[in-house]
Amino acid sequence: MSSPRKLKEPNPLNFYGIRQVRVPPPYFESISLELSRYNLEQTIIKWITENLKGRFYVGSITELNKSNQYVMLLKVAFEDPKELSFFTLACPHLKYK
């Protein structure tokens, strides 16, 4: 089995410090994940930085679930919809039931 791809060229977005955004714009494609571990946010940021190229957002949000209770979720959003697809398929830190 081959290892996940690692970026070999420097990313200009990292150089200018604009790759990870503080607030996701409305055109970013996103997914909400349950916070199962305390350091999941930093782990996902590290995986995205090493394996993807585009701009992204990672942050905790509070939402109502189906039983009208507040739950803490981790929102992960990408500027490029292709990167969201790759992230959901390839990230080893996601656990599916």
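A nonpolar patch is made of residues with over 30% relative accessible area and no salt bridge, whose nonpolar side chains are joined within 5 Å. In this predicted model, Phe 15, Tyr 16 and Ile 18 form such a patch on the surface, and together they have about 400 Å² of accessible area. Tyr 16 lies in helix α1. Its relative accessibility is 60%, and because exposed means over 50%, Tyr 16 counts as exposed.

Some caution belongs here. Helix α1, residues 12-16, is where confidence is lowest, with a mean pLDDT of 76. Confidence is highest in helix α3, residues 81-90, at 95. For the protein as a whole the mean pLDDT is 87, and 90% of the residues reach 70 or more.

The interior comes next. In soluble globular proteins, nonpolar side chains tend to be buried together. Here the largest nonpolar core has 16 residues, and those with the most contacts inside it are Ile 44, Ile 48, Val 58, Val 76, Phe 78 and Phe 87. Two or more residues each come from α2, β2 (56-64), β3 (70-78) and α3. Helix α2 gives the largest share, five residues.

Apart from neighbours within four places in sequence, Ile 44 is in contact with Leu 33, Val 58, Leu 74, Val 76, Phe 87 and Leu 94.

Thr 43 is found in helix α2, residues 40-51. Is Thr 43 buried or exposed? The cut-off for buried is under 20% relative accessible area, so Thr 43, at 18%, counts as buried. Leaving out residues up to four places away in sequence, Thr 43 touches Arg 37 and His 93.

Notes: Residues numbered from 1 in each chain as written. Predicted model: local features only at pLDDT ≥ 70, side-chain atom pairs only at ≥ 80, totals over all residues. Heavy atoms only, no water. pLDDT = per-residue confidence, 0-100. Helix = DSSP H or I, 4+ residues; strand = E, 2+ residues; numbered from the N terminus. Buried < 20%, exposed > 50% of the residue type's maximum accessible area, 1.4 Å probe, protein only. Contact = heavy atoms within 4.5 Å. Patch = residues over 30% accessible without salt bridge, like charges linked within 9 Å, V, L, I, M, F, W, Y side chains within 5 Å. Areas by Shrake-Rupley, 256 points an atom, 1.4 Å probe, with all protein chains shown as cover. Salt bridge = Lys/Arg side-chain N within 4 Å of Asp/Glu carboxyl O. Core = buried A, V, L, I, M, F, W, Y, C linked by side-chain atoms within 4.5 Å.
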